[in-house]
Amino acid sequence: MYPRFLGSNYPLAKHLFFSTRYSFSLLGLRFEKKPTIWTTAWLIFNFVNLAHCCQAEFSFGWFYITSSPVDAMDAFCPLACSLTNLFKMGCMWRHRTEVSLLIARIRQLTEQQSGQQKDKLKRGYYRTATLLSMLIFTLGTINTAAFVLRSFWEMWMRRHGPFNYDMPFRMHFPAIAHRLPLYPLAYLYSIWSGQVTVYSFVATDGFFFSFTLYVTFLLKALQMDIECVLKSVQDPSERDSENCCQQLHNIIDRHNDIVGIVQRFSVIMAAPTFAQFLSGSLVIATAVIDILLRMAVPVSDESSTKGAKGD
């Protein structure tokens with residue numbers, strides 16, 4: 001058993017922006033369907049969950065920045081990713097109407113391109129966009145699972161001492177969240193913020209990546225049509241020349257349409273792309289600092305339990 005989208009016979013119409021539509025649907029944001037009260041409430045919950053957990057990570061890192069820089073960097077590194085994807089989620093929600101129109105227009109243009117050679121080329125680009133985007137989806141989920149396993153391992157290593165109710169991520173929650181009976185719910189709440197980060201990242205960046213491949217296919221189809229038109233005209237008559245000019249005129253209109261779509265896409269993705277480059281620099285910086293600090297200063301048992309102490 002494996003996901004149906006991995007199959008070679010999966011419908012092309014369902015491949016279109018599959019990662020974006022699937023990931024955002026898990027967060028309650030649906031571009032091609034009218035939102036309901038439940039999906040809107042679920043979207044608000046996910047946004048608040050990620051925003052609250054970003055605040056909890058910042059609070060943890062800021063509190064221990066002087067006393068335990070290692071643990072502070074352990075909080076700031078995921079914080080940079082979470083803040084960026086919180087911003088991306090907000091941008092995509094703000095431009096949800098434009099994104100819906102863009103998806104519909106790309107669908108219309110790609111469906112107009114038919115033929116054995118074009119269909120084969122289209123399937124290759126569609127499958128590549130889906131498979132690579134969902135690979136990131138899988139790796140992101142594995143990353144969240146790794147944080148969970150790390151917290152389990154730390155609990156196991158301290159099993160002979162007083163039990164500390166650790167969270168998978170370094171977060172400052174109220175002390176009551178680190179005690180029974182609320183601890184299991186707080187733990188799941190923290191885990192879900194990691195998944196919200198993954199879903200938002202895959203949905204937004206998958207939209208960017210998939211769009212570039214779909215536009216590449218449309219430009220390749222234009223190139224194929226130009227070659228076909230020019231090759232079919234040899235020693236043309238006046239009527240053949242008129243037909244050729246009309247076909248080239250239609251191709252130019254299609255090209256201008258693609259240019260307009262790319263311009264609208266650039267407006268939507270300008271801010272998320274800038275935020276991604278900025279956060280990537282912050283993640284690399286905090287990760288390198290964290291590694292250097294761990295090499296220089298051994299992490300004591302006391303510092304490793306700070307995430308469970310709460311406010």
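**Pockets and nonpolar cores of the predicted model**

A pocket is an open set of points on a 1 Å grid over the protein atoms alone, where a 1.4 Å probe fits, with protein on both sides within 12 Å along at least five of seven lines; lining residues have an atom within 4 Å of a point. The model is predicted, with local features needing pLDDT of at least 70 and side-chain atom pairs counting only at pLDDT 80 or more, whereas totals for chains, interfaces and linings use all residues. Residues are numbered from 1 along each chain as its sequence is written, and side-chain values use heavy atoms, with hydrogens and water left out.

Of the 27 residues lining the largest pocket, C81, N85, N143, T197 and V198 lie nearest its centre. This lining comprises 14 nonpolar, 12 polar and one charged residue. The second largest pocket holds about 280 Å³, and its lining includes Y10, K14, R21 and E32. Five nonpolar, one polar and five charged residues make up the lining of the second largest pocket.

The largest nonpolar core contains 50 residues, among which F17, F24, I106, F207 and F211 touch the most other members. Such a core is a set of buried Ala, Val, Leu, Ile, Met, Phe, Trp, Tyr and Cys residues joined through side-chain atoms within 4.5 Å, where buried means under 20% relative accessible area (1.4 Å probe, protein chains only). Beyond its neighbours within four places in sequence, F24 is in contact (heavy atoms within 4.5 Å) with L29, F31, M89, M92, A203 and T204. A second, separate core of 14 residues includes A56, M167, M171 and A186.

Definitions and conventions:
Nonpolar A, V, L, I, M, F, W, Y, C, P; charged D, E, K, R; others polar. Points joined across faces, edges and corners; volume = space filled by probe spheres on them.
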